[in-house]
Every structure is written in C-alpha cells, then in structure tokens.
Amino acid sequence: MNIHARPFDHPDAVKLNDQVQLEYAERYGDEGDVTPLDPSMFAPPHGLYLLAYDALDRPVATGGWRTQDRNDEGYSDGDAELKRMFVIPEGRGKGLARRILAALEEDARAAGRVRMVLETGDRQPEAIALYVSSGYAPCEKFGHYRMYESSRCYAKPLR
C-alpha cells in the first residue's frame, strides 16, 4: 500500500468521501455526516489529508486532520481533529486505518498540535475499537454532533 497526501477535493478523495457518506447514511438512517468541511481545512501546516492506494493504484483508504482551537463547539487550544477515516470494505482488516492514523498523528505532532481528537458514533464499533486500541480515551463531547446521544468523542495526547 502506498499512502500519499492529497487535497480533500482530489477526485479520489471525493470518491471515497462519497462512499463513507453512504455508509454513515446506512448506519444512522440519515443523510450522512453534515459537519461543514472545506478543502482548505486540510492544507498543511494546518492539516493533512491522506489517501492509501493498493498495488493497482486504486484508492482504498483515507483520513485527515484539521487544526482546532478553543471555540463554541468544545474544542481546546492545540487540538487536531481526525476526519473522514475510512477504508473500503474489501480493504478492511489489513492495518490500513492504523497506518493512516499513525501518519496523521505524527504530522499533527510535528505541526505543534498537542492533542488528537475525534468524534464518531455508537454505530461504528470497529472505529471505536481502533481508536481505543491506539491509545484514545473518551473525553468531553465536542464538535457538530456533541448534543447527539449517539455521539462518542475521544482524545489522545500527542506529546
């Protein structure tokens, strides 16, 4: 697998984003994640967006981080927020998400961020298991879905 930095609006990123949105819609019975995102949020040094490609150069996994600081949605100064972690179904179980997660954490750390945070939902047990096994712990809710009962928030110190 090859992992490359790509813009959030790169055609391969859009393709995988469409797929993850369909999965969210199926799991939660809604329109998917409506958190406002813009490609500029993932532009270095304030973020990073990664795509993993298989041996045939097909996009199979994605993930990004964006800078967050103290605001009305419950973030803290120095936060880096994970967004759009996703592996296509046929690519799961091969460690791709863990590799992308490690690369995003390292990049956010190098950018001076002090804590990686993420928001997921209770209908994504695989994601929760990945994060907990990678050192993330439940934290006070933040973000677009912080008022939803199904929302689960996690954090991990980067220093």
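# A quick tour of this chain

Let's start with the parts list: 3 helices and 7 strands make up the chain. Keep in mind that you're looking at a predicted model. Reading from the N terminus, the order of the elements is β-α-β-β-β-α-β-α-β-β.

**The overall build**

- If you box up the C-alpha atoms along the principal axes, you need roughly 40 × 35 × 30 Å.
- Of the 159 residues, 47% count as buried.
- Take the contacts in the chain with a separation of 6 or more: 64% of them are between residues 24 or more positions apart.

**The nonpolar cores**

- Here's a general idea to carry along: in soluble globular proteins, nonpolar side chains tend to be buried together.
- In this model, the largest nonpolar core has 36 residues, and L82, L104, M116, Y131 and Y136 have the most contacts inside it.
- Zoom in on Y131: leaving out residues up to four places away in sequence, Y131 touches L82, M85, L101, L118 and Y136.
- There's also a second, separate core of 5 residues, and its members include V117, F142, C153 and A155.

**Helix α1 and its residue N17**

- How far apart are the end C-alpha atoms of α1? They are 26 Å apart, which agrees with the 26 Å that 18 residues should span at 1.5 Å a residue.
- The buried residues of α1 are A13, L16, N17, V20, Q21, E23, Y24, A25 and Y28.
- Just past the end of α1 sits G29, with a positive phi of about 65 degrees.
- Not counting residues up to four places away in sequence, N17 touches F8 and R84.
- With R84 there's a polar contact too: the two side chains are joined at 2.5 Å.

**Aromatic rings**

- How many aromatic pairs does a search of the whole structure find? The search turns up 6.
- One of them is the tilted pair of Y75 and F142, with 5.0 Å centre to centre and 50 degrees between the planes.
- Y75 is in the loop between β3 and β4, while F142 is in the loop between β6 (137-138) and β7 (151-157), so this pair ties together parts that are 67 residues apart in sequence.
- Both partners are buried: Y75 has 2% relative accessibility, and F142 has 1%.
- Y131 and Y136 make an edge-to-face pair, at 5.7 Å centre to centre and 65 degrees between the planes.
- Y131 and Y136 are buried as well.
- F8, F42 and Y49 form one aromatic cluster.

- L37 is a loop residue, placed between α1 and β2.
- Setting aside neighbours within four places in sequence, L37 is in contact with F8, F42, R66, K83 and R84.
- L37 and R66 are 29 residues apart in sequence, with 9.6 Å between their C-alpha atoms.
- The loop between α1 and β2 also holds P45, and a cis peptide bond with omega of about 5 degrees joins P44 and P45.
- D57, in the loop between β2 and β3, is not a glycine but has a positive phi near 65 degrees.
- With a relative accessible area of 56%, D57 is exposed.
- R84 isn't a glycine either, and its phi is positive at about 55 degrees.
- R84 belongs to strand β4 and is buried, at 5% relative accessible area.

How values were computed
Residues are numbered from 1 along each chain as its sequence is written. This is a predicted model: local features need pLDDT of at least 70, side-chain atom pairs count only at pLDDT 80 or more; totals for chains, interfaces and linings use all residues. Side-chain values use heavy atoms; hydrogens and water are left out. A nonpolar core is a set of buried Ala, Val, Leu, Ile, Met, Phe, Trp, Tyr and Cys residues joined through side-chain atoms within 4.5 Å. Buried means under 20% relative accessible area, exposed over 50%, partly exposed in between (1.4 Å probe, protein chains only). Contact means heavy atoms within 4.5 Å. Helices (H or I, at least four residues) and strands (E, at least two) are DSSP runs, numbered from the N terminus. The expected span of a helix is 1.5 Å times one less than its number of residues. A polar contact is a pair of N or O atoms within 3.5 Å; within protein, one must be able to donate a hydrogen and the other to accept it, and residues adjacent in sequence count only if both atoms are side-chain atoms. Rings of Phe, Tyr and Trp (its six-membered ring) pair if their centres lie within 6.5 Å; planes under 30 degrees apart count as stacked, over 60 as edge-to-face and the rest as tilted.
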